[in-house]
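User: Please take a close look at one helix pairing in this model. Then set that pairing in the context of its own chain and of the partner chain.

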Amino acid sequence: MIRFTNVHMNYPGGNEALRNINLHIEQGAMVYITGRSGAGKSTLLRLIALIDRHSRGQIIINGQNLERVRNRRIPIFRRHIGFMFQDHRLLNDRTVFDNVALPLVIAGYRHQEIRKRVQAALDKVSLLTKVNSYPMALSGGEQQRVGVARAVVHRPAILLADEPTGNLDPALSWDTMKLFEQFNQVGVTVLIASHDLDMIKRMSKRIITLKTGRILPLGGTPTQS
Amino acid sequence: MKNVNRKKNTRPDKTFKSELKRRFDMWLLQHAQAFIFSLGQYIKYPISNILTTAVIGISLALPASFYLLLDNVRYVSSSWDGSVQITLFLQTDVDEARAAEFANTLSGNNNISETVLIKRADALAEYQKLSGFAEALNTLDENPLPNVLLVKPSLESGDETETEALIKELEAMPEVDSAQYDSRWLKRLLYLLDIVNRLIVILSTLLAIAVLLIIGNTIRLSIHNRRSEIEITKLFGGTDSFIQRPFLYSGLWYGVFGGIIAWLLITISMQMLHGPVKQLANLYASDFHLIGLGFGNSLILLASGIALGLLGSWIAVKRHLRAIEPV
């Protein structure tokens, strides 16, 4: 599903964000990427989503070599990916329904289909009652769940989450992780960047640890140096 | 992967035609969404949008009304075009009988095709009737108006030097006080109108650029305000054309509403001018009435608004939308 071969990433100005990354994530896996800030977690996710292009090496996502994806095909490529962010990034002038519907509207679904899928996604995150609320009227945890619903409503093949629990208390974080696990169980490949080591360990999933742009060996037992 | 599989499984069953129809339906649906969404955005912020539209409307109304004014002046002057005639004001001591005689002799001149005598008494009567100065004129001891001869030259060529020569000849006659050649000021008027026409072209160009800048800047601000929305849309696979569509439609709305405001401004102004102009025309015994915008010109006005709106937003979108990449 996701394969990195000798991938390097240099940002303009010589900042080497990733060095010689070799990585394989199978379809349907759930993987945590951890490391201190600046270790390259976000960069890894950005390369997968083609927000940035890698400098050297080869990345293959879902059978597609990213070097061959031309700029004008990037939007179509991204429709197979769902995104989650630490700061939710919901649109505050739209209702919960419109926020969650966005990926479907972009993909050109019909209204009836959109309604059906949005309701299913909101049902999954237990927010069906808030469908007409605005994000500002929701608590932080609820906003986060709206973000989850938006990330999965178009049934992406890959779910990328960048510090999804950064602003949540431990109980809510745990709930969010469990939610991700549910989506993973129906076949979505899930990648979560997080530095919340305690919780990650409890989830007992594969852990990839980055340090200054390299993958540490024995990712399962990261050391916080 | 699920999503991809589903597509792969269903696609082979579909004929090329139904796939084409699906794409067309989707295209139509997304246009309808952008159309309605942009109108919704317009209604959502009424004050600022109405202000912007009013500025656009006035900018469109100014050159349009100047053109209309020019049209009307041209219409008036066109009725004078054929009547190239020389007006001879006779000496005041020339009485009516001698004036008639003089007119007869002039008619014999080869260079003159027609003469019309306006007797001083008739002139006074007409003036009293039309000017409204009847009372004031009654107090005068004698008629201050001279006899007037309207002389139509037979010089078909309209050769300026020949006409000039004829005028000199006529002016030299003892009965004639002064000669006035109408086409001289008519020509001046036409040249003047030409200059005014060019001024209007320049002014229209400047105001069109102003409209472009206003719409471009408004769209630029709106792109700036919705930056996070654009980023999210790009992240979830929105194509450039999908993202720019609502902005282009916003430009369209500014153009449409600006055009309508301009049309209203001009129509109301014409209504206000209608009465006074009619009274003035009556004074000149003319049945002249103001030419309004008419259906064709109204359409042109609206089309200019739409074209400027679309162009302005297109420029803004091309310049500012590409720069926004998801972060």
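Analyst: On the side of α5(A), the residues G141(A), Q144(A), V148(A) and V152(A) meet L172(A), T176(A), L179(A) and F183(A) of α6(A), where contact means that the C-beta atoms of two residues, placed from the backbone, lie within 7 Å. Sorted by class, this contact holds five nonpolar, three polar and no charged residues; here Ala, Val, Leu, Ile, Met, Phe, Trp, Tyr, Cys and Pro count as nonpolar, Asp, Glu, Lys and Arg as charged, and the others, Gly among them, as polar. This is a predicted model, in which local features need pLDDT of at least 70 and side-chain atom pairs count only at pLDDT 80 or more, while totals for chains, interfaces and linings use all residues. Residues are numbered from 1 along each chain as its sequence is written, and chains are lettered from A and ligands numbered from 1 in the order in which they are written.

Helix α5 spans residues 140–152 and helix α6 residues 170–185 of chain A, and the two pack at an angle of about 15° with their axes 11 Å apart (axes are lines fitted to C-alpha atoms, for helices over the stretch in contact, and angles run from 0 to 180 degrees between N-to-C directions). α5(A) is therefore roughly parallel to α6(A), given that angles under 35 degrees count as roughly parallel, over 145 as roughly antiparallel, 65 to 115 as roughly perpendicular and the rest as oblique. The crossing of the two helices is right-handed, that is, the near helix is turned clockwise from the far one by less than a right angle.

Along the principal axes, the C-alpha atoms of chain A fill a box of roughly 45 × 40 × 35 Å.

Where the two chains touch, 22 residues come from chain A and 19 residues from chain B. On the chain A side, α2 (74–78) and α3 (96–107) are the elements that give two or more residues, and α3(A) gives the most, with five residues. That side has 12 nonpolar, five polar and five charged residues.

Chain B has 11 helices and four strands, and its radius of gyration of 33 Å is well over the 20 Å that the globule rule gives for 327 residues, so chain B is more spread out than a compact globule. Its C-alpha trace spans about 110 × 45 × 35 Å along the principal axes.

Terms used:
The radius of gyration is taken over C-alpha atoms; the globule rule is 2.2 Å times the number of residues to the power 0.38.
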